[in-house]
Amino acid sequence: MYSCRKRTSDGNMDNQNVEERFSLDCVEHSGISISGFSDEILLNILTHVPSHDLVLSVGRVCKKMKTLSLDKSLTNHVRLSKEYLANDDAVKQVVKELASEIQTLSMSGCYWLSGATIDQLTRCKGLVKLDLSGCRLTSVRLSKILSSLRGLRSLAIDISAGFDSNQLSRESKATLSKISELKQTLYTPSYGVVPCCTNLERLLLYFEIYDLTREGATICCQLMVGQSSIPHYQNLQVFYARLAPGEVNQTLVNLYLAVFSVHVPERLHVFIISIPGNNPGHWPAAKNLLDGIARNGALEALQLPKTWLDQSSLQRILKHSAPSHLNFSRCSVFGSQLIHSILNGVMDLRQLVSLNLSGCIQGLYLDCTWKADEHIDSHVMESLASACPNIRHLNLSAAHYHSTPGSEEHLCAVLTRFKSLRSLALPVCAVSDGVKNPEYAARGSTAPISSSLMLGLRKGTRVGLQTYKVNSDLRDEQTSSSFRALLEGNPFLEEIELIGSNFSSAMPRYEPAIRKEQAACSWAGHIGDSEVAALGALGFLRRLTLAQLPGIVKGTGLVEVAMKCRDLQVLSLANLGLLKNTTYMPALIEALPYCKQLKDLRLEQPYINANARFFQALSQCSSLRRLCLISRNGTFQADAVTAFMASCRDVIMCHMFMGGSLVACRNLQKALQDSGGDGLSLRSVLKGKQVK
């Protein structure tokens, strides 16, 4: 998009709002006329303009822009999701002017739109694909919309308390019977509209049901007798289910799966179920399902809970398949035999683009402290790299890897053979060259670092007796040579995660919370500021996660990453360095002004001091949309938060799980809501209890 940037008094470029709109003044001053651009170039530019702006702003510039804004390439596919400036009047106007043109419409997460605005969708007779997840939708309103959309083939909705399929009209059920793709998010035990969709080819289910009501009552997961046999999966090709923690969700998914115990659709080629926790329970009909999948063959993607898999069934499934996605997260029952099963069992591994082995092998050690058959040697990884040349996403986290110098090729060197790699997740110890201190090596210490929660409670180091040499220059010779080789061999990485083998978040999204902090791996302590700085060599990096790195001292590597990785959009930092003293905070404050593309920031660390300096630096992240702070015994300045939210109007989520008092948190939340932040979500943790 053509834009003009204005300079502020201090010489910096202020582009928060002017970048997103046409400026005729800039065009005139530069001597370039809009008519000088070809239609192809202008259409390409307009694809980045929100749909409501096309109708309400761009189309009123001139006749040419009016014509281009109504081009079918722009009007056939309308996306209003996350367009928080699109109010009810704007959306109604878009629907009014484009109703006859719209074929696909995404309103996912438009929770602020009124029911009357949603009702206007009945005018879009040509809709083929509609996403209403997160919108205000009742059974009656859904019935009215579906009755008017006879050509609909893809639908995404939420099923909340009070939904009654008996309120759906005959016409709406006729529309549902033709739908081939359904995405359904469940907030109450129900089959939703699944029984009405008799020609489903793709079914995506999200289970978000709590075990208890707000009043503390237990939620019952009883459905109508005999209803478990109603869902129609005869034509199903894709089945996807993701569960939030809770017994109700697991009980309900078993009811959805009951049909598979009798018959597995012949065309089923994608079967993914994600159940959180280390004990997802056993489904009695799992073996029948696996046998049916094995008979059908042609599997493209597979993910199952670890208790549902056995090695013989897995080998039968892989034997006649050429999968593109395999997820065996936490399937430690197979040990190191899992990779052998993949290498020897899959018919064609060239199709594989995503492989998740997170937590599959509890020991990737190459020293004598583990059994010889519990580690992955370089030859196995080399074979995997040769057989799977097109892997783009690889996850080896939640494990250990301790390389013995001279024994065999380092894991990082082997990973450079995955030339198509774009996303990589590794345990922190896997990128270490080993013990750098000879005296420490002589002691042969393999014990983990003491609990990181206790690190900050130790007696401070005396002046002149430092045990860690700090060098602000971050010279290459201090960086792990294996890690540096990994980055040089994979320069196109867009996402990288370095997570401590024993790390567990205090507030995970899809996992049960674990209160006890486990000790960090001793080898993780060798990865520090210089290794983080080396990440700056990844010019295409968009997402970065660093968790449980006790070797971080000053955090100066974060500045290097922020300055060089200009496309960084998601940054997640957790438990870096000494936990009681957040020593990397000054470096983070220095780094944030460089993060102009940063959209999501997540910090998890005890004793965070979210003061005015932090929020002032954060306010310079002009693209920021979501902020999450998780800090036991953390503190914040309410006036700094208010000023930050006032200056960053595009921030739509602010989660703060900190140690503020209940009164302070409620006063802050009220102040933000009174200032227009109704969409914000703030929380606090007080004495170990979450307060909303």
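The points below begin with the basis of the values and then turn to individual residues.

1. The model is predicted: local features need pLDDT of at least 70, side-chain atom pairs count only at pLDDT 80 or more, and totals for chains, interfaces and linings use all residues. Residues are numbered from 1 along each chain as its sequence is written, and side-chain values use heavy atoms, with hydrogens and water left out.

2. The count of salt bridges (a side-chain nitrogen of Lys or Arg within 4 Å of a carboxyl oxygen of Asp or Glu) comes to 10. One of them joins Asp-39 to Lys-64, with the closest N and O atoms 3.6 Å apart. Because Asp-39 belongs to helix 2 and Lys-64 to helix 4, the pair ties together parts 25 residues apart in sequence. Helices (H or I, at least four residues) and strands (E, at least two) are DSSP runs, numbered from the N terminus.

3. Lys-72 pairs with Glu-101 in a salt bridge whose closest N and O atoms are 3.1 Å apart. Lys-72 is exposed at 52% relative accessibility, whereas Glu-101 is partly exposed at 26% (buried is under 20% relative accessible area, exposed over 50%, partly exposed in between; 1.4 Å probe, protein chains only).

4. Glu-494 sits in the loop between helix 18 and strand 18 and is partly exposed, at 32% relative accessibility. Its C-alpha atom is 5.3 Å from that of Phe-540, 46 residues away along the chain. Beyond four places in sequence, Glu-494 contacts (heavy atoms within 4.5 Å) Arg-422, Phe-540, Leu-541, Arg-542 and Arg-543.
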